[in-house]
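Work through the exercises below with the sequence and the structure open. Each task is followed by its solution.

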Amino acid sequence: MIRLNLIFVTILFFSIGLIAQEKKKEDKTIKISWSGYVKYDAFFDSRQVLAAREGHLMLWPKAPEYDENGNDINASPNFNFLAIQTRLKTAISGPDALGAKTSAMIEAEFFGHTDADINGYRLRHATINLDWEKSGLMMGQFWHPMFALECFPGTVSFNTGMSFAPFSRNPLIKYYYKLNNLKLAITAYSERDFSSKNINGIASPDYIRNSKTPGLNVHLNYTKSNKDKNTSVSTGIIGNWHSMLPELKTSANYITKQLVESYCGAVYLNLKLRPINFKISGVYVENSSGIMMPGGYAVHRIIDPVNQEKDYVPTRNIAGWIDISTTSKKWQPGIFAGYNKNLGTAKSIIDKPGGHGVNIAYIYRISPRLNYYINNLQFAAELDITAAAFGDNTYSDKAIPLNAKEVINYRVIFGAYYHF
């Protein structure tokens, strides 16, 4: 019996050893790398601002609100210290499959999902990638396809040029094809954390889900680089279509299938030279609350007075921005400037528009910055000057805010990063 036990134990340990060796061999085909940064932010605002996460993600200054003496309540300064942008990224590569190189990526941060969840660990990106050299497939959650990775603002502020450049992360599937320096990408997407708002300003991913059709995007990019000189040029054009079903039934309790359909487009140029990096972009957007830009929609007409079914029309905005910085390794001064103009609707409306920031006639921002790099450390400072012109809650027959008055916020930001 002792011999049998010894033989059994020997065979068991031998089998475990073989399994462990085989597992070790398999593990060699999987590579996992970690990266990210610890981030500290300190900022001061000259007035109250519309923002998320205790002011961290700043959009624009709040509209004036007057007390009984006629003083602007929102002209009150404030400050904050935060570390919630701290981020962790996992990159994974594995064996080939379906004739393609395979990889995956997970990125998260302590930004939370809502202000009540601040400091909570939330998903930013999660992708599965297949690369066939000339073509590829991405599935997961990533930047909205209107956010061009080839050309985006380099601000210290976490808003990354928000209000002038699209900003959103979405569940999506993207196919791309590369031919020399050209790349064509086609993307279908839904909405999750960044969702479109209805006419009452309520955000929900249900609106695009109930429309039965995902958003569709086409992006054509040309990129050429010179590694020896460390220079490059990247330019592209983007087209986007989005639909949402804001309500399943009318106010008269009849089923409705009336959609809000919108079109967006963008062009950009990123020119990297030895002394400077020059970026410029222009966008045209409709019903753009889902990409964190001012926008919404209005009722164009009542189709049927009995069932109260409505015909909708989206609001339109045009925006442009420019970003210039140096390419030095240690000191990197830079400046961002953007402008957003409310164009109203293409058709007449019968009621006030709704959504996100539709009462703003225009917004502009100027933000000079300075970055300093030393090994893994980065220190950054920025002066963000953002102005918004708010209407008096009256509109033209095509949804343009009337009697707009401008207010300005001055934000001073200091950031410290430890990259790894």
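In these exercises Ala, Val, Leu, Ile, Met, Phe, Trp, Tyr, Cys and Pro count as nonpolar, Asp, Glu, Lys and Arg as charged, and the others, Gly among them, as polar. The model is predicted: local features need pLDDT of at least 70 and side-chain atom pairs pLDDT 80 or more, while totals for chains, interfaces and linings use all residues. Residues are numbered from 1 along each chain as its sequence is written, and side-chain values use heavy atoms, without hydrogens and water.

**Exercise 1.** Describe the lining of the second largest pocket.

Solution. A pocket is an open set of points on a 1 Å grid over the protein atoms alone, where a 1.4 Å probe fits, with protein on both sides within 12 Å along at least five of seven lines; lining residues have an atom within 4 Å of a point. Its volume is the space filled by probe spheres set on the points, which are joined across faces, edges and corners.
- The volume of the second largest pocket is about 570 Å³.
- Its lining has 22 residues, and Ala-52, Arg-53, His-113, Asp-193 and Met-292 lie nearest the centre.
- Strands E2 (49-52) and E3 (57-61) are the elements that give two or more residues to this lining; strands are DSSP runs of at least two residues, numbered from the N terminus.
- E2 gives the most, with three residues.
- By class, the lining holds ten nonpolar, six polar and six charged residues.

**Exercise 2.** Is Gly-357 buried or exposed?

Solution. 
- Gly-357 sits in the loop between strand E18 (354-356) and strand E19 (360-374).
- Gly-357 is buried because its relative accessibility is 16%; buried means under 20% relative accessible area, exposed over 50%, partly exposed in between (1.4 Å probe, protein chains only).
- Beyond four places in sequence, Gly-357 is in contact with Trp-60 and Pro-294, where contact means heavy atoms within 4.5 Å.

**Exercise 3.** Which way do E19 and E20 run, and how many bridges join them?

Solution. 
- E19 and E20 (residues 377-390) run antiparallel and are joined by twelve bridges; strands pair if DSSP finds at least two bridges between them.
- Across this pairing, Tyr-364 stands opposite Ala-387 in E20.
- The two strands form a hairpin with two residues between them, and Asn-375 in the turn has a positive phi of about 55°.
- E20 also pairs antiparallel with E21 (residues 405-419), over 14 bridges.

Key: Helices (H or I, at least four residues) and strands (E, at least two) are DSSP runs, numbered from the N terminus.
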